[in-house]
Amino acid sequence: MDAFRDFLNQHDEPAWDDVLADLEPSLHPVDREATRIWFGFWPLKLRRLLRESTDEAATAQEYLLDGRYWLERQLDESVDFLYGSIYWNRVTEALLQRSESASDRNPESLSSEIRRFAGGLAAQLKVEKSLLLGISAVAFMAFQQVGAQPFRNGSGSGTPRSKRPAPKKILKYRSRKTNQGLFGFLRTVNRKFTVRFDESKRDAAFSCIEGQDLSSASAGDERDYQTRDHRCIAGPIPAECRVASCGYCWIGILSGRENIIELSKHERRRLNYFGYLDASARHETHPVIRLACQSKCYGDVTVVVPPWNGSLDGRR
Ligand code: FES
């Protein structure tokens, strides 16, 4: 098992960026964005600073960490927005077995190892390999970060759902457009769009007026979200400043990223400052990670809200 973890630990952020870039074309479209979002939410640099910390409270203060930033305490829950999470129990079981037999041979490369792992499991489960590739990459990265124990015990944060609509149905649902009402096609201003923030719940959505930013639109949802997450003072997306200063409102865009205004220089600078942008997003106009307060919306979107925020690259 140590040999397997040692092998994984040879991979730093740039190495993982290459692995993801190599795997991405082979990922099923239902999990292409979701996989990148998971890696964005759980970067190695967060793990590194937590591991090196001798005083958690001081570290949290220095890096402005807020929310639930320990992956091992929410390992199962963290994968819930991936379609592949329906196979999570089998993936974790197989990964533990794989880690115990790692001394038998030397893996060639991490991406070929992940492909082989996903292929073997796909054959056992009789499903498309592309559906298992993203969740397998996530499992490998999570194992590198938290080790075997949380995989054995579960993270105690709820088991991912075992049933979901078929991938085709999910993709169709994501591409559905909000009905603008009778004669809506004539409407050129004040169109309303739907922002979904949890695909598993019918009512996990709020409305956004054309050109409104997602943070203000979220604040219009007056239901109680603070009981579940203290950072959600108004609406399901945490927010404090609404001017790209605090980093509270970062989100993953699961679908409809083309419906959000192009990334401005200012937002890019701030995302980099917080350490939220990965290498592949450096030149993208519509990356999967955005700041909700800077994201003016021009169509329906599905977002994922991370359980923590901080300033990993620009400490206090
Ligand atoms: S609310 Fe502070 S950065 Fe968006």
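## A buried charged pair

Arg231 and Asp229 form a salt bridge through their side chains, with an N to O distance of 2.8 Å. Both residues are buried. The model that contains them is predicted.

## Salt bridges in the whole structure

Side chains of opposite charge can pair when their charged atoms come close. Over the whole structure, the search returns 20 salt bridges. One of the salt bridges joins Arg116 and Glu113, whose side chains meet at 2.8 Å, N to O. This pair is local: both residues lie in helix 8, 3 residues apart, or about one turn of the helix.

Arg116 has a relative accessible area of 38% and is partly exposed.

## Domain layout

The chain is divided into domain 1, residues 2-165, and domain 2, residues 175-309. Between the C-alpha centres of the two domains the distance is 25 Å. Domain 1 brings 20 residues to the contact, and domain 2 brings 24 residues.

About 1,900 Å² is buried between domain 1 and domain 2, and 57% of this area is on carbon and sulfur atoms. On the domain 1 side, Arg36, Phe41 and Asp66 account for 38% of the area buried against domain 2, more than any other three residues.

## Polar and charged links across the interface

How many salt bridges are counted between domain 1 and domain 2? The count is 3 salt bridges. The rule for polar contacts finds 8 residue pairs across the same interface, with both residues of each pair at pLDDT 80 or more.

Several elements of domain 1 build the side that touches domain 2: helix 3 (29-41), helix 4 (44-52) and strand 1 (66-67) each supply at least two residues. Helix 3 gives the largest share, 6 residues. By class, the residues on this side of domain 1 divide into 10 nonpolar, 3 polar and 7 charged.

## The network around Arg36

A network of salt bridges links Glu33, Arg36, Arg257, Asp278 and Glu284. Asp278 pairs with Arg36, with 3.7 Å between the closest N and O atoms. Asp278 and Arg36 are both buried.

Gly134 belongs to helix 9, which spans residues 129-146. Is Gly134 buried or exposed? With a relative accessible area of 2%, Gly134 is buried, because that value is under 20%.

Leaving aside residues up to four places away in sequence, Gly134 touches Leu27 and Thr35. Gly134 and Leu277 are 143 residues apart along the chain, and their C-alpha atoms are separated by 19 Å.

## Positive phi outside glycine

Lys126 is not a glycine, yet its phi is positive, about 55 degrees. The residue sits in the loop between helix 8 (110-125) and helix 9. Its relative accessible area is 73%, and Lys126 is exposed, because that value is over 50%.

Arg242 also has a positive phi in a residue other than glycine, near 65 degrees. Where is Arg242 found? Arg242 lies in the loop between helix 12 (214-219) and strand 4 (250-255). At 35% relative accessibility, Arg242 counts as partly exposed.

Methods:
Residues are numbered from 1 along each chain as its sequence is written. This is a predicted model: local features need pLDDT of at least 70, side-chain atom pairs count only at pLDDT 80 or more; totals for chains, interfaces and linings use all residues. Side-chain values use heavy atoms; hydrogens and water are left out. Domain bounds come from an automatic or database domain assignment. Contact means heavy atoms within 4.5 Å. Buried area is the accessible area (1.4 Å probe) that two parts lose on being put together, summed over both. A salt bridge is a side-chain nitrogen of Lys or Arg within 4 Å of a carboxyl oxygen of Asp or Glu. A polar contact is a pair of N or O atoms within 3.5 Å; within protein, one must be able to donate a hydrogen and the other to accept it, and residues adjacent in sequence count only if both atoms are side-chain atoms. Helices (H or I, at least four residues) and strands (E, at least two) are DSSP runs, numbered from the N terminus. Ala, Val, Leu, Ile, Met, Phe, Trp, Tyr, Cys and Pro count as nonpolar, Asp, Glu, Lys and Arg as charged, and the others, Gly among them, as polar. Buried means under 20% relative accessible area, exposed over 50%, partly exposed in between (1.4 Å probe, protein chains only).
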